[in-house]
Amino acid sequence: MRFDSGRVCLDLVATFTPHEGLRDGDELRLWLAGAGLVPDRTPLARVGPDWVAAFRSLRGDVDTLVRAELAAAEPDERALARVNALAAGPPPGLCAVRDQEGHLVRELSGGAECGALLAAVARDAVELLTDPGDLALLRACEGDGCTRVYLDTSRGHRRRWCSSELCGNRERVARHRRRALAAGSA
């Protein structure tokens, strides 16, 4: 799993590319921890098929809305209503507790609840979709076959790929091969 899209809601959208990344509760647990929605030590015993289905549904709605923004099209009103409804819910509560070494660490107060975690991601999507500055940085990867979206926070805002190391490298290698083939046939 990668967490380099620039927003947690875009990282959720990325869990579908290039293959389904949220197949079960274990993968969702990993994603929730990797995305920073739950502190590392948070027990997530109740994560089951209903949680997976809820996060996949939110992912589809956010993807629909983000793609509409990229295409300068009207948003799907049903997807927007579902994201707004989730965003209106209370996000998870945080508190600071001492670990075994005496350092303060984050912990969820009241435990991890699916609705609260969905609210946090949906709220991030609402913030993205209503922030003109972030919308101006929203990009679709130009890599062949890649459908990821990301925020272009590069210095000149000329980033072309979701990852220079992955998609960018593939594109550079393909370009090199094309040049080598052209030079060999000349």
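What follows is a quick run through this predicted model.

Q: How many helices and strands are there in the chain?
A: The chain has 7 helices and 4 strands.

Q: And in what order do the elements run from the N terminus?
A: The order is α-α-α-α-β-β-α-α-β-β-α.

Q: What does the C-alpha trace span along its principal axes?
A: About 70 × 45 × 35 Å.

Q: How much of the chain is buried?
A: Of the 186 residues, 39% are buried.

Q: What share of the contacts comes from residues 24 or more positions apart?
A: They account for 57%, counting contacts with a separation of 6 or more.

Q: Surface next. What does the accessible surface come to, and how much belongs to carbon and sulfur?
A: The accessible surface is about 10500 Å². Carbon and sulfur atoms hold 54% of that.

Q: Which residues make a nonpolar surface patch?
A: M1, F3 and L30 make one of about 310 Å². M1 sits in the segment before α1, and that helix covers 8-13.

Q: Which residues form a positive patch?
A: Four arginines: R172, R175, R178 and R179. R179 belongs to helix α7, residues 164-185.

Q: How many positive and negative side chains does the chain have overall?
A: There are 26 positive and 27 negative side chains. The centres of the two sets are 7 Å apart.

Q: Change of topic: W51. Where does W51 lie?
A: W51 is in helix α3, which covers residues 49-70.

Q: Is W51 buried or exposed?
A: Buried. Its relative accessibility is 6%, and the cut-off for buried is under 20%, so W51 falls in that class.

Q: What is W51 in contact with, beyond its neighbours within four places in sequence?
A: The contacts are L28, L32, R46, A112, E113, C114 and L117.

Q: How far is W51 from D24?
A: C-alpha to C-alpha, W51 and D24 are 9.0 Å apart in space. In sequence they are 27 residues apart.

Q: Now salt bridges. How many does a search of the whole structure find?
A: The search finds 13 salt bridges.

Q: Why would such side chains pair at all?
A: Opposite charges can pair when their charged atoms come close.

Q: Start with D4. Which residue forms a salt bridge with D4 at 3.2 Å?
A: That one is R2, with 3.2 Å between the closest N and O atoms. R2 is partly exposed at 26% relative accessibility. D4 is partly exposed too, with a relative accessible area of 32%.

Q: And which residue forms a salt bridge with D4 at 2.9 Å?
A: R148, again going by the closest N and O atoms.

Q: What does the pair of R148 and D4 tie together?
A: Parts of the chain that are 144 residues apart in sequence, because R148 lies in the loop between β3 (138-140) and β4 (149-151) while D4 lies in the segment before α1.

Q: Is R148 buried or exposed?
A: R148 counts as buried, at 4% relative accessibility.

Q: OK, R7. Which side chain does R7 meet in a salt bridge?
A: D134, at 2.3 Å from N to O. This pair also links distant parts of the chain, 127 residues apart. R7 is in the segment before α1, and D134 is in helix α6, residues 132-137.

Q: Are R7 and D134 buried or exposed?
A: R7 is buried at 12% relative accessibility. D134 is buried as well, with a relative accessible area of 16%.

Q: Which residues are linked with R7 in a network of salt bridges?
A: D124, E127 and D134 are linked with R7 there.

Q: Last topic: backbone. What is phi of A72?
A: A72 has a positive phi of about 55°, although A72 is not a glycine.

Q: Why is that worth a look?
A: Because most residues other than glycine have a negative phi.

Q: Where does A72 lie, and is A72 buried or exposed?
A: A72 is in the loop between α3 and α4 (77-87). At 73% relative accessibility, A72 is exposed.

Q: What about phi of H157?
A: Phi of H157 is positive as well, near 55°. H157 is in the loop between β4 and α7. H157 counts as partly exposed, at 39% relative accessibility.

Terms used
Residues are numbered from 1 along each chain as its sequence is written. This is a predicted model: local features need pLDDT of at least 70, side-chain atom pairs count only at pLDDT 80 or more; totals for chains, interfaces and linings use all residues. Side-chain values use heavy atoms; hydrogens and water are left out. Helices (H or I, at least four residues) and strands (E, at least two) are DSSP runs, numbered from the N terminus. Buried means under 20% relative accessible area, exposed over 50%, partly exposed in between (1.4 Å probe, protein chains only). Contact means heavy atoms within 4.5 Å. Accessible areas come from the Shrake-Rupley method with a 1.4 Å probe; for residues, only the protein chains shown count as cover. Lys and Arg count as positive and Asp and Glu as negative; His and the chain ends are not counted. The place of a charge is taken as NZ of Lys, CZ of Arg, CG of Asp or CD of Glu. Patches are made of residues with over 30% relative accessible area and no salt bridge: like charges are joined within 9 Å, nonpolar side chains (Val, Leu, Ile, Met, Phe, Trp, Tyr) within 5 Å.
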